[in-house]
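Reader: Could you walk me through the labels on this model and tell me where they come from?

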Amino acid sequence: MEWRLAFLLALLCLLSPAAGTVTPRIMDASHASITVSAQPQPTEPAGTSWVAPMATSWAADGAVSQPFSNFTASVNDRGICQCAISLPDTTFPADRVERLEYTAYNLSQRFEAEFSKVKKYVQLISIYEKKLVNLTVRVEVMEKDSISFTELDFELIKIEMKEIQKLIITLKDNFAGSSVIIDQLEVEIRNMTLLVEKLETLDKNNVLHIRKEIWALKNKLKECEKSKSELNAVPLPPPAPGSCSHGGVMNISKPSVVQLNYKGFSYKYGAWGRDYSPENPEKTLYWVAPLNTDARALEYYRLYNTLDDLLLYTYAKQYRIVYGQGGGIAVYKRNMYVNWYNSGNIAKVNLTDNTVAVTRNLPGAAYNNRFSYANVAWQDIDFAVDEQGLWVIYATEASTGNIVISKLNDTSLEVLNTWVTKQYKSSVSNAFMVCGVLYATRTLNTRTEEIFYYYDTNTGRQGNLAIIMPKMQETIQSINYNPFDQKLYVYNDGYLLEYNLVFLQESQEDI
């Protein structure tokens, strides 16, 4: 740029009256001052004044000539013409523009971040404004009728108000500028907090306190009624032995532990009971049949003529068989009924001489743990005895695993009649029969069973019960009912237990 201006000045000097030798020289780099020397023309005397040439600039409407405002020229004593011009700084300030762009970018980023916060806070304010309106309505209702609210209602409202207070604190810490709306929200939520506390502590009718007292009184009344029924209940006379003149099982006693089975604690599976002979019901015969430790095979059993013999382990008769399977054993008229090993057959064993009197296939019966009881293996087929005779409880594929009840001819083992229930067998812990009614149990915990289901073969009705049945050990392996003494004989993890049944009298029966 400087050399171009120098050339221009030299040209101007040559065209001037004092034109001569031209010597361009940059005087100042910052202002690009240039001096041009030239010899004067002989036609002009020395010291002649000189008029600065016109500078030409171009505008939209054409060229306009202007004198150089920053140009000077003179002739010295020796007749040399000197021209000087001060040039502006023409260097482009790229570093300042770069700094300006960086500053603008930072400002833009900060603006975007603050704008995002503002949008987020606007959304939160909108949400909590709705919550505040809802709280206001609820508090107004509580003011009008506090009797319909509980302590939980107060706690829920206080929790919601604490959330709004936290948001207001956050907004105040992060929101720069006008905060009139936030201050207004803070005042409203503070007033509402005080109002709720007043409603809770100075309840017009002391509703919460009264309710607590009422609940306490109700609990005391329930306890009194329970203790009164336990202490003052007069037991009704049981029905006659072998009689069904009652309305079914209503309750059950606590268990009485007779003893551990004669083989010991390791023999957790098995069955025991008392023989029932309708022709001679008073005659006693107790039997104990622990399974082998595989919980499957019935190999040995013992017979006792009296309960004292059983308790003292005296005068026992022990027999061995090799074909019994599972704990679904029953004794009726001095015959033992068992599931034949590894099959769906059933067998009748004469206890007088320990011989197999009859074997027969039970039609459609599942076996070998297909539909055994819950927590008890190898009991797909379970025999039962009651006032009406011999029964068998099992399941079939056709019944989709639901309990099937069949009445048997105790002499030939022929099926006389069959009923299919709606209760899945594998969800039942055990079952027994009383007066033609099936009662099923289930496990509630390690110390409690519940008689929860019944099916009446006399009427075809079925339903649910809730009779609590305490137990000594965790698992009940078998239950046998004796119609004469109306007791349940239960094999409970190797222990021999007995329960007394309580029946609903006919006059109390709900039809």
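Author: Here are some questions on the rings and the cavities, with the rules behind the words. The model is predicted, so to speak of local features takes a pLDDT of at least 70, side-chain atom pairs count only at pLDDT 80 or more, and totals for chains, interfaces and linings use all residues. Residues are numbered from 1 along each chain as its sequence is written, and side-chain values use heavy atoms, with hydrogens and water left out.

Reader: What makes Phe-371 and Tyr-424 an edge-to-face pair?

Author: Rings of Phe, Tyr and Trp (its six-membered ring) pair if their centres lie within 6.5 Å; planes under 30 degrees apart are stacked, over 60 edge-to-face and the rest tilted. For Phe-371 and Tyr-424 the values are 6.3 Å centre to centre and 80° between the planes, so they pair, edge-to-face. Phe-371 sits in the loop between β15 and β16, and Tyr-424 in strand β19, 53 residues apart. Strands here are DSSP runs (E, at least two residues), numbered from the N terminus.

Reader: Why is Phe-371 called buried, and why is Tyr-424 called partly exposed?

Author: Buried means under 20% relative accessible area, exposed over 50%, and partly exposed in between (1.4 Å probe, protein chains only). Phe-371 has 4%, so it is buried. Tyr-424 has 37%, so it is partly exposed.

Reader: And why is the pair of Trp-391 and Trp-419 called tilted?

Author: Their ring centres are 5.8 Å apart and their planes are at 45°, so the pair is tilted. Trp-391 belongs to strand β17 and Trp-419 to strand β19, so the pair ties together parts 28 residues apart in sequence. Both Trp-391 and Trp-419 are buried.

Reader: How many aromatic pairs are there, and which residues do ring pairs link into a cluster?

Author: The count is 11 aromatic pairs. The cluster holds Trp-272, Tyr-286 and Tyr-489.

Reader: What makes something a cavity here?

Author: On a 1 Å grid over the protein atoms alone, it's a set of points where a 1.4 Å probe fits but cannot get out; lining residues have an atom within 4 Å of a point. There are 2 cavities of 30 Å³ or more. The largest cavity has about 100 Å³ of space, and its lining is made of 13 residues, with Arg-274 and Tyr-481 among those nearest its centre.

Reader: Which strand gives the most to that lining?

Author: That's β24, with 3 residues.

Note on methods:
On a 1 Å grid over the protein atoms alone, a cavity is a set of points where a 1.4 Å probe fits but cannot get out, and a pocket is an open set with protein on both sides within 12 Å along at least five of seven lines; lining residues have an atom within 4 Å of a point. Grid points are joined across faces, edges and corners, and a volume is the space filled by probe spheres set on the points. Helices (H or I, at least four residues) and strands (E, at least two) are DSSP runs, numbered from the N terminus.
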